[in-house]
Amino acid sequence: MEHPYLYVSAIFALFGPGAEEWAFHHVHVLYSWVVMAMLLGLGFLATRTLALVPGKGQNVMEIVIKGLEDFLVSIVGEEGRWLLPVSATIFLYIFLSNLVGLVPGFFPPTGNVNTPLSCALVVFFLTHAIGIKYHGIKYIKHFTGPSIFLAPLFLVIEIVGHLARVLSLTFRLFGNISGKELVLGILFMLAGAFFAPLPILVLGIFVSLVQAVVFFLLSSVYFAGAMEHAH
Amino acid sequence: MEAEVLKALIAAMTAAGFGIAIAAVGCGLAMGLGLKAAVTGIARNPEASGKIMTTMLIGLALIESLAIYTLVVALLLIFVAPQGVSFTGLLGQ
C-alpha cells in the first residue's frame, strides 16, 4: 500500500527532494525526534517553577515518577534505586512513542522494528554491565547452573535464553504496535466514514500503556536477576 | 515453474492463517485460566483487589505476547515470503 500521509514528514520534505526521500523512508527516526522534543518540552514545563508544595503540572510528574520508583524498588530492592533514570526513560519514551501512533497523521516510532530493538539492546548490555560490576569475574557463575559437571550444557542454555530475551522484548513491543497500526489502516480503508477505527483506538490506548509497563517490568526483573547472588 | 511458485505462496498464506488461529486458541485458554484465578482471588479477599488486578494485567500481557510472536511470523510469511521465494530463484525462472 502507498505510504500514508504523515504531517511531520511533509513538513520535513519542504527542505528539498533529498530530504523528502529520507523523510519518507526513515519515518521512525523522524518521529523519534518528535517524541524526544515532546519529552524535553514536558520536562521543561514541569520543572519551570519547582516548589515544595507542588502545583498541578509538577504534581502529575511527581505522581508518575514516584509510582515508577516504588514499582522499581519493589522488584529490584533498595540497592537498585540508581536504575530509576534508565528505566523511567525507557518507560516514558516507549509510552509516548506508542501513544503518538493514535493521532491520525503520525507514525509511532515503535512501529518499526528498529526502535524496540534499540531499547532491548540497551537493557541487554546494561544487564551484563550490572552483573560484571556487582560480581566481577564470578558473574560467570550465573550461567553455569547448579553443578560444575553440567556447566557446558547450562552455558549454552543460558546464552540462548539471554538472546531470546532480546528477541522477546523486541517482538512483543513491535508486534503489538505494528499490529495495531495494520488493523487501524485496514479498518480506515474499509469503513472509515462510519468511524470503524474507534474501538481499535480505545484498545490502542490501553495496549500502549500495558506494553510500556511490561517492558519496564521485564527490564527491572532482568536487572534484579543480574544483581542477585547465583544459585 | 509458475505452478510451483504459486503453490509455495499459497502454502505460506495458509500456514499464516492457521498459525494465528491456533495461537489464538492457546492464548484464549491460558488467559481464561489466569482470569479465573484472579477473580477467585478477588472474591476471597476484596481488599487485595488492586494488587491482584495489576498482577493479572501484567500476566495477561505476557501471555498475549506469545500470540504476538505468532502474528509476527504470520506477517513475515505473508509479506516477506514472496521475496524469499524469488531469492531462491524460483520466481526468476
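**View 1. Secondary structure of chain B.** In this predicted model, chain B contains 3 helices and 0 strands. Read from the N terminus, the order of its elements is α-α-α. The radius of gyration of chain B is 21 Å, well over the 12 Å that the globule rule gives for 93 residues, so chain B is more spread out than a compact globule.

**View 2. Dimensions and burial of chain B.** Along the principal axes, the C-alpha atoms of chain B occupy a box of roughly 70 × 15 × 10 Å. Of the 93 residues in chain B, 9% are buried.

**View 3. Contacts within chain B.** This view concerns pairs of residues in chain B that are in contact and at least 6 apart in sequence. Among these contacts, 79% link residues that are at least 24 apart.

**View 4. The contact between chain A and chain B.** Chain A contributes 11 residues to the contact, and chain B contributes 9 residues. On the side of chain A that touches chain B, α7 (151–191) and α8 (198–227) of chain A each provide at least two residues. The most is given by α7(A), with 6 residues.

View 5. The 11 residues from chain A comprise 5 nonpolar, 5 polar and 1 charged on the side that touches chain B.

Notes
Residues are numbered from 1 along each chain as its sequence is written. Chains are lettered from A and ligands numbered from 1 in the order in which they are written. This is a predicted model: local features need pLDDT of at least 70, side-chain atom pairs count only at pLDDT 80 or more; totals for chains, interfaces and linings use all residues. Helices (H or I, at least four residues) and strands (E, at least two) are DSSP runs, numbered from the N terminus. The radius of gyration is taken over C-alpha atoms; the globule rule is 2.2 Å times the number of residues to the power 0.38. A residue is buried if 20 or more other C-beta atoms lie within 10 Å of its own, exposed if 12 or fewer, and partly exposed in between; C-beta atoms are placed from the backbone. Two residues are in contact if their C-beta atoms, placed from the backbone, lie within 7 Å. Ala, Val, Leu, Ile, Met, Phe, Trp, Tyr, Cys and Pro count as nonpolar, Asp, Glu, Lys and Arg as charged, and the others, Gly among them, as polar.
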